Structures are given as C-alpha cells and as structure tokens.
Amino acid sequence: MMGKCGYLYDVSMSYVDSGWQDRYLDLVKKIDVYLKKNYSGYFAELQLYQNGPMNYVVVAVYYDVPGVQEELPKILEYVNQQYKEAVGHNVRRKQVLKFDRARKLYGQKRDGQRNEE
C-alpha cells in the first residue's frame, strides 16, 4: 500500500463444529491469500484468534482508502461463497463489527495519525 493510511476492521466470531477446525483454518488462510492477491489496494490481512476449543475471532483488516466501501460487497460475496462451499453449516459466524455499518467515534485518523486528547 502506497503512502500512509489508516485501517478499517471487520470483526466476526465463529463457532466451528468439532472435527472441522483444520478445514476452517485452511479456509481462512485461503481467503487471506486470495484477497491479498486480488484486492491488495483495499485488503491488508486476516487475523485469526482462537478463544476456546471451537471458538474463533476473525479480524479482517482493510486500508482506509477511497473506494474500499465500493469494493466491500464484492469481497464479502467471495468470502461468503467460500464459507458456503468449504464448511457449509459446520461454522456459524456472528458479525461483531462491520466498518461500513458502524460509525467511528474515536481512534485512528485517516492519515494514520492518532487522535490526541
């Protein structure tokens, strides 16, 4: 990504059925590689956290640049299709934060500098 920019985040929680954890991890890695390759101007990375034997938190990190909100529907369509094909109903996701539907109240400014008190 050229120049300084801020970041936008989508956060979701996933519950993975027993026996599907390895397939789920592979899916997340596959999605991350695809999005970095095909949406490198908008998509930074996926971060995956495990907070229980079958509970995961996925943080999708996007660059806060013009056009990212217009590209988001295409990105999410790809992601949803991959989930459907790879794991079906064996992974249940709940959106915690979706940057295009939330209003940022405080935090990182667009130019990458922090708000000061």
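Which residues form a nonpolar patch on the surface? In this predicted model, the patch consists of Tyr7, Tyr9, Met13, Val96 and Leu97. Two elements each give two or more residues to the patch: strand 1 (6–16) and strand 4 (91–98).

**Surface patch**
- Strand 1 gives the most to the nonpolar patch, with three residues.
- Leucine 97 sits in strand 4.
- Leucine 97 has 35% relative accessibility, so it counts as partly exposed.

- Four strands make an open sheet in the order 2-3-1-4, with antiparallel pairing.
- Strand 2 (43–52) and strand 4 are the edge strands, and each pairs on one side only.
- From one strand to the next, the twist averages 20°.
- Strand 2 and strand 3 (residues 55–64) run antiparallel and are joined by eight bridges.
- Glycine 52 has asparagine 55, in strand 3, as its bridge partner.

**Helices on the sheet**
- Helix 1 (residues 21–38) packs on the sheet and touches strand 1, strand 2, strand 3 and strand 4.
- The direction of helix 1 makes about 165° with that of strand 2.
- Helix 2 also packs on the sheet, touching strand 1, strand 3 and strand 4.
- The direction of helix 2 makes about 150° with that of strand 3.

**Leucine 72**
- Leucine 72 belongs to helix 2 (residues 68–86).
- Its relative accessible area is 1%, so leucine 72 is buried.
- Beyond its neighbours within four places in sequence, leucine 72 contacts Asp10, Tyr62, Phe99 and Asp100.
- Leucine 72 and tyrosine 39 lie 33 residues apart in sequence, and 9.8 Å apart in space, C-alpha to C-alpha.

Methods
Residues numbered from 1 in each chain as written. Predicted model: local features only at pLDDT ≥ 70, side-chain atom pairs only at ≥ 80, totals over all residues. Heavy atoms only, no water. Patch = residues over 30% accessible without salt bridge, like charges linked within 9 Å, V, L, I, M, F, W, Y side chains within 5 Å. Areas by Shrake-Rupley, 256 points an atom, 1.4 Å probe, with all protein chains shown as cover. Salt bridge = Lys/Arg side-chain N within 4 Å of Asp/Glu carboxyl O. Buried < 20%, exposed > 50% of the residue type's maximum accessible area, 1.4 Å probe, protein only. Contact = heavy atoms within 4.5 Å. Pairing = 2+ DSSP bridges. Axes fitted to C-alpha atoms, helices over the stretch in contact; angles between N-to-C directions.
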